[in-house]
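Good morning, and thank you for joining.

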Amino acid sequence: MTSPLHHDNSWMESVKAEKARVFLEFSASAGEGFDKLIDERFNTVTKDPTVTWGARNTIEGPIINELIHQELIGSRYAPHGRKVLGQIRLLRADMQGPLDALRLLRQSKETKSFAKGARHFRANGPLNVVRAEALAVIHRRPLSWWRDVDIEAMAQGGDLLGSSDAARGFEALSQAMRNSSKDTDVRFGMDRRMAALGTLSRTAGRDEDLCTLVLQLVTQGPQEQILMNAYAVGLRYVEWEKVTLGTQSAWRHWLEKGPTGVDHSAVRLTVAAAVGLPDTVDRGGTGLTAIAAELNSAASSDALSPISHVRAVEMAESLIEAMTGIREKASRGGYGFGGLSPADLAVTLLAHNGGISDLWEAVIGYVTDPNIPRELKADAVDRLARLSKEIPNESLSELSLGVDGLFASQNLHLPNSGGSDVFAPALRLAALTGIRGEASLLSDLVRLTSDPAPAVRVEAARTLDAMAGNAACLFSWAHALLVQLCRDRDATVRANAGHGLARAAAPQNELRSLWEELLVELLGEDGVIVPLFTVRGVEEAWSRGDMPVPAVVRSIEERAENSMSLGVREACAAALVLLAKRTPAQDDS
């Protein structure tokens, strides 16, 4: 029987119409597929022992059939169908392999969905799936056809390419940037373009060309803050020792003679730190934005842009006033979100100048105030944990007295907050300062490690990683929990646990062989984040004088040569250089 759509040209109106019939048909097919997918997941969670043959076709079949129909008639809803099929295949990748999930997401033209999928495969592997999409864009798509999703493919896969392929992509994208350098519409998505250029230039060794291009854009293009922030993203990829003295001199001239307002501060901070000049951003303001810019400048070139004690006290007074205002508002049940955190800035200032007792008092009072939600203090508490060895004894005593208020801070359960009742940043601070008993630490960590949400288990791994860097709080049970998390299903959990396991002192008991086995296993993973974090942990352990383990050294040597990821190869090479610089006396000690 012939479809009514084929009798005349009415099918064109049907396809173009709002909520066209083909879209409604696809929605029904997708709904049927999603129902089956939910059944599959439900049966997995409930451990259903029955087996359904042809389950893949049951889930994907209706969607594929309707998608083929849409493709054949040229429906404008076909990209949506590709997205749905790609998402389903990604969700089922652990059962049937990645197939063409990422290709479907790219061809759906949905940049955000593709980026999420690419990040998933970069973390978990296989990396060749991400690499294939970057190669497809560079070699198969004409430049005039490039869309945001194609540029995202190069940003995600640029460091997985060979140098010649990366150079070809860099040349094409650079030319596109020059052609549209004065087009104000390009400001949307410019950060994505600069990330792609930066990744490609790093892989292809085109640091000089990237510096020259960005200088041209900064000096001749539109002078908007959103563009300057994006250009700073590209400059952060540059290895400045590979840039000629002439180009560095041109950037120095721009620093000395160029605009100094807040619109250009991101570029100025990045370049000043790279070429070794003090930044000349406007100083003296007491607003949070001005203080943040000055702290950033000091952090990037501390010796060149120091913060005087007088200026630090002035900044502290402003931050104390802001924190006091938040506490007063919180005591009445009011909260404000967004913008810069004065508590986080205050701890950053204390890292530069720890002699301001009033600021210490204000920070401790702020973080231990139970009326202030966790979301408004988490970053400050985490930064304070990293500064734990610098906390004055008097402030540490105040923190110990207020520890119950710290852990009792209310949880507003905002989206992406993780959902755990355990305040993980507070747990890290308590572990590193010793203000809470070992039994309480273990109890909270076990709750985090056994949580079904990956984001919560990441917090457990981060906490154990922080403890691994401090021998005083690396309890006997910490190794066992790290081993457990190194075998977690989530790559980010494994990465943080691997970093902690690597920099923790090797256990001198029956766990040692398992410790070595796990490090080799993590270093050999196909994704990026797990071997990268692990080798950085190994490097930190070697830097403090730990003895190298032959099996681990061999694994790092192999990854330095053969890893698909440029970042992993560079990190492994840096660790081997550090090891080579150690003296025989260090290794014998």
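I shall begin with the aromatic pairs and then turn to the helices.

This is a predicted model, in which local features need pLDDT of at least 70, side-chain atom pairs count only at pLDDT 80 or more, and totals for chains, interfaces and linings use all residues. Residues are numbered from 1 along each chain as its sequence is written, and side-chain values use heavy atoms, with hydrogens and water left out.

Rings of Phe, Tyr and Trp (its six-membered ring) pair if their centres lie within 6.5 Å; planes under 30 degrees apart count as stacked, over 60 as edge-to-face and the rest as tilted. The count by this rule is two aromatic pairs. Trp251 and Trp254 have ring centres 5.7 Å apart and planes at 85°, so this pair is edge-to-face. Trp251 is buried, at 0% relative accessible area, where buried means under 20%, exposed over 50% and partly exposed in between, with a 1.4 Å probe and protein chains only. Trp254 is buried as well, at 8%.

Phe475 and Trp477 form a stacked pair, 5.3 Å centre to centre with 20° between the planes.

Trp477 also belongs to a helix contact, in which heavy atoms lie within 4.5 Å: Glu438, Leu441, Leu442, Leu445 and Thr449 in helix 24 meet Trp477, Leu481, Gln484 and Leu485 in helix 26. Helices here are DSSP runs (H or I, at least four residues), and strands are runs of E, at least two, numbered from the N terminus.
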